[in-house]
Amino acid sequence: MAPYRIRKYQEKDRKWVLSSFSHLVTEHIPTTFCYVLKLPRTLVLLLGGPLALFLISGSWVLALMASASLLGALWFLVKYPWAQFEARCLRTDLSDITKSYFSESGSCFWVAESEGQLVGMVGALPNKKPTLQKVQLELLHLFVALEHRGQGIAKALVRTVLQFARDQGYSEVVLSTSIVQCSALVIYQHFGFQKTGFNSEGSRLCALPVLHLTYRLPSAQVSQTLEQGESP
């Protein structure tokens, strides 16, 4: 396992960060598609629609064409909310990373570096609600390059955010993640993040549950939790 270090973002990192963010979004589309395929309402549509067409027309060709069309439409419906998410981020915090994350002391963006190459990233911004800006820090855009996963880099990035939140006097670290991001969920649960809510993104047919997680930072427990997070 190659050594790595975590440092603050610099403008020279921008191209890699944006490329990695796009890759992060893209890699979740097939996983989401498989998740949606297994939903009962999706199975009813994919099996029932072509079968009904076959019973009416008597043509397997039409039934197969209908199946292919439904799968194509489903792929588009799955991809659309991820594309919206990517576009929204590129318009907001990622449009100018230095301005978004370094204009005030209560926010930051880090990258992980190994053997002179960037391999991971994570950001942290205060909650957008004015009443919670001094209370909650939001963890954003956690990503580790595929070939460097399983080396503890993601945990180190999360630990960096938790320590930053403690140093800045926040009470909670919050984040949102989809139910298909299983590896990320395991990491968050490892540190003690608790589910505090959920909502659904996307169309009614392809609704994807998004979990809202919170890590509370009582001063008496912070050091102990961070130490536990260091264990593999």
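**Helix packing and the cores**

Mentor: The crossing of α1 and α3 is right-handed, and since this is a predicted model, everything that follows is to be read as a description of that model. The axes of α1, which covers residues 14-37, and α3, which covers residues 60-91, come within 9 Å and cross at roughly 150°. An angle over 145 degrees counts as roughly antiparallel, and α1 and α3 are therefore roughly antiparallel to each other. On the α1 side the contact is made by Leu18, Phe21, Ser22, Val25, His28, Ile29, Pro30, Thr32, Phe33, Val36 and Leu37, while α3 brings Leu71, Leu74, Trp75, Val78, Lys79, Trp82, Phe85, Glu86, Cys89 and Leu90 to it. Sorted by class, the residues of this contact are 16 nonpolar, 3 polar and 2 charged.

Helix α3 also packs against α2, residues 40-57, and here the axes come within 8 Å and cross at roughly 155°. That angle makes α2 roughly antiparallel to α3, and the crossing of α2 and α3 is right-handed. From α2 the contact draws on Thr42, Leu45, Leu46, Pro50, Leu53, Phe54 and Ser57, and from α3 on Trp60, Leu62, Ala63, Ala66, Ser67, Leu70, Leu71 and Leu74. The contact of α2 with α3 has 12 nonpolar and 3 polar residues, with no charged ones. Leu71 and Leu74 of α3 take part in the contact with α1 and also in the contact with α2.

Turning to the core, the largest nonpolar core has 31 residues, of which Leu139, Val158, Val161, Val173, Tyr188 and Phe193 touch the most other members. At least two residues of this core come from each of β2, β3, β4, α5 (153-168), β5 (172-178), α6 (182-191) and β7 (208-216), and α5 gives the most, with 8 residues. Phe193 can be followed individually: leaving aside its neighbours within four places in sequence, Phe193 is in contact with Val158, Leu162, Val173, Leu175, Tyr188, Leu213, Thr214 and Tyr215. A second, separate core has 26 residues, and among them are Tyr9, Val36, Phe143 and Leu208.

Glu115 is not a glycine, yet has a positive phi of about 50°; Glu115 sits in the loop between β2 (108-114) and β3 (117-126) and is exposed, with a relative accessible area of 66%. His141, likewise not a glycine, has a positive phi of about 55°, but His141 is found in strand β4, residues 136-144, and is buried, with a relative accessible area of 9%.

As for the chain as a whole, the protein chain has 7 helices and 7 strands, running from the N terminus in the order β-α-α-α-α-β-β-β-α-β-α-β-β-α. The C-alpha trace spans about 70 × 35 × 35 Å along its principal axes, and buried residues make up 44% of the 232 residues. Among contacts with a separation of 6 or more, 66% join residues 24 or more positions apart.

How values were computed. Residues numbered from 1 in each chain as written. Predicted model: local features only at pLDDT ≥ 70, side-chain atom pairs only at ≥ 80, totals over all residues. Heavy atoms only, no water. Axes fitted to C-alpha atoms, helices over the stretch in contact; angles between N-to-C directions. Helix = DSSP H or I, 4+ residues; strand = E, 2+ residues; numbered from the N terminus. Parallel < 35°, antiparallel > 145°, perpendicular 65-115°, else oblique. Left-handed = near helix turned anticlockwise from the far one by under 90°. Contact = heavy atoms within 4.5 Å. Nonpolar A, V, L, I, M, F, W, Y, C, P; charged D, E, K, R; others polar. Buried < 20%, exposed > 50% of the residue type's maximum accessible area, 1.4 Å probe, protein only. Core = buried A, V, L, I, M, F, W, Y, C linked by side-chain atoms within 4.5 Å.
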